[in-house]
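Subject: Structure handover and notes

Hello,

Here is the structure we spoke about, for you to look through. My notes come after it.

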Amino acid sequence: MNIQDEARRNELIAEIRQEFVETAGYTGLHQLDARVEAALRGVDRSRFVPEDTRGAAWVNAPLPIGHGQTISQPYIVALMTQLLEIEPGDRILEIGTGSGYQAAILAELGATVYSVEVIGDLADRARELLRSEGFTVNQRHTNGYLGWRDEAPFDGIIVTAASPEIPPALVEQLKPGGRLVIPVGPRWGYQSLVLVEKDADGNVHEKSVLGVAFVPLVKGSDEDGAGENHR
Ligand code: SAH
């Protein structure tokens with residue numbers, strides 16, 4: 001990474017830190033965790049955005065990645081990651097691999113990562129990129145609405161697309177003590193980032209964390225040929 005990029009990355013981290021402080025009243029998180037910060041520093045976001053938008057890779061904004069999808073805003077990636085309270089070795093499921101950036105952040109934190117993507121082209125590109133960048137992520141090209149039953153249960157589940165309801169299968173696939181982070185809301189309406197915690201007795205608690213804007217989670221058979229290319 002050149003000096004200019006490093007300066008931009010430091011600025012981005014400073015902005016994320018500031019945004020944690022400003023949103024603490026909603027999120028209950030008072031500062032960016034040092035381990036999450038280290039993971040943000042350890043993954044080169046410019047590798048995960050399209051070449052023609054590389055100049056904007058260190059801006060605190062989402063960017064288009066093709067197929068009408070986006071790589072999330074870095075602050076949101078940091079927030080969702082921190083809400084998961086990941087310990088090294090945790091089994092984490094991500095629904096919506098997209099560019100692979102969030103999956104790389106989870107791997108950088110020492111998690112065993114499982115990630116599912118419904119769009120074949122994005123799944124293929126992320127697979128190549130994660131491999132070439134040296135991240136180990138177990139990937140599947142399929143609809144993740146039903147989770148990943150064969151690998152369940154998980155310590156944490158992160159959904160990076162918005163759903164009008166919390167998919168019941170995902171709650172089922174959480175371990176007791178596990179956490180699910182998901183944007184909940186309609187396609188074009190108000191969406192809220194929700195933290196779902198399953199306690200030691202298996203009881204489920206939900207907490208709304210922040211208003212957010214995500215691309216929609218594909219639910220049923222309206223996706224492009226997914227479900228037939230499990231790998
Ligand atoms: N985590 C991604 C953000 C991707 S945007 C990143 O770091 O870049 C959300 C992604 O979710 C899109 O790629 C979209 O195709 C995918 N998606 C939407 N519905 C899905 C579903 N039911 N199963 C799996 N992936 C889905």
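The notes below go from the whole protein to single places in the chain.

This is a predicted model, in which local features need pLDDT of at least 70 and side-chain atom pairs count only at pLDDT 80 or more, while totals for chains, interfaces and linings use all residues. Residues are numbered from 1 along each chain as its sequence is written, and side-chain values use heavy atoms, with hydrogens and water left out.

Overall picture

The protein has six helices and nine strands; helices (H or I, at least four residues) and strands (E, at least two) are DSSP runs, numbered from the N terminus. Its radius of gyration is 16 Å, close to the 17 Å that the globule rule gives for 231 residues, so the protein is as compact as a globular protein of that length. That radius is taken over C-alpha atoms, and the rule is 2.2 Å times the number of residues to the power 0.38. Taken along the principal axes, the box that the C-alpha atoms fill is roughly 45 × 40 × 35 Å.

Of the 231 residues, 54% are buried (buried means under 20% relative accessible area, exposed over 50%, partly exposed in between, with a 1.4 Å probe and protein chains only). Contacts (heavy atoms within 4.5 Å) were also sorted by separation: among those between residues at least 6 apart in sequence, 54% join residues at least 24 apart.

Helix α2

Helix α2 covers residues 34-42, and Val36, Glu37, Ala39 and Leu40 are buried in it. These four cover an arc of only 160° around the axis, which puts them on the same side of α2; the arc is that of the directions from the helix axis to the C-beta atoms. An α-helix has 3.6 residues a turn, so residues three or four places apart point the same way. The cover over the buried residues of α2 includes α1 (3-27), α3 and α4 (101-108).

Two buried loop residues

Serine 72 sits in the loop between β2 (69-71) and α3 (74-84). Its relative accessibility is 17%, so serine 72 counts as buried. Leaving aside residues up to four places away in sequence, serine 72 touches Arg45, Ala61, Pro62, Val77 and Phe214.

Phenylalanine 135 is in the loop between α5 (120-132) and β5. With 13% relative accessibility, phenylalanine 135 is buried too. Again without residues up to four places away in sequence, the residues that phenylalanine 135 touches are Gly42, Val43, Phe48, Ala104, Ala107, Glu108 and Leu130. Glutamate 108 is 27 residues from phenylalanine 135 in sequence, and the two are 7.6 Å apart in space, C-alpha to C-alpha.

Backbone points to check by eye

Most residues other than glycine have a negative phi, and most peptide bonds are trans. Which residues have a positive phi although they are not glycine? One is histidine 67, with a phi of about 55°, in the loop between β1 (63-66) and β2. Histidine 67 is partly exposed, at a relative accessible area of 44%. Another is glutamate 85, with a phi of about 50°, in the loop between α3 and β3 (91-95).

The peptide bond from alanine 152 to proline 153 is cis, and its omega is near 5°. Proline 153 has its place in the loop between β5 (137-141) and β6 (154-159).

Regards
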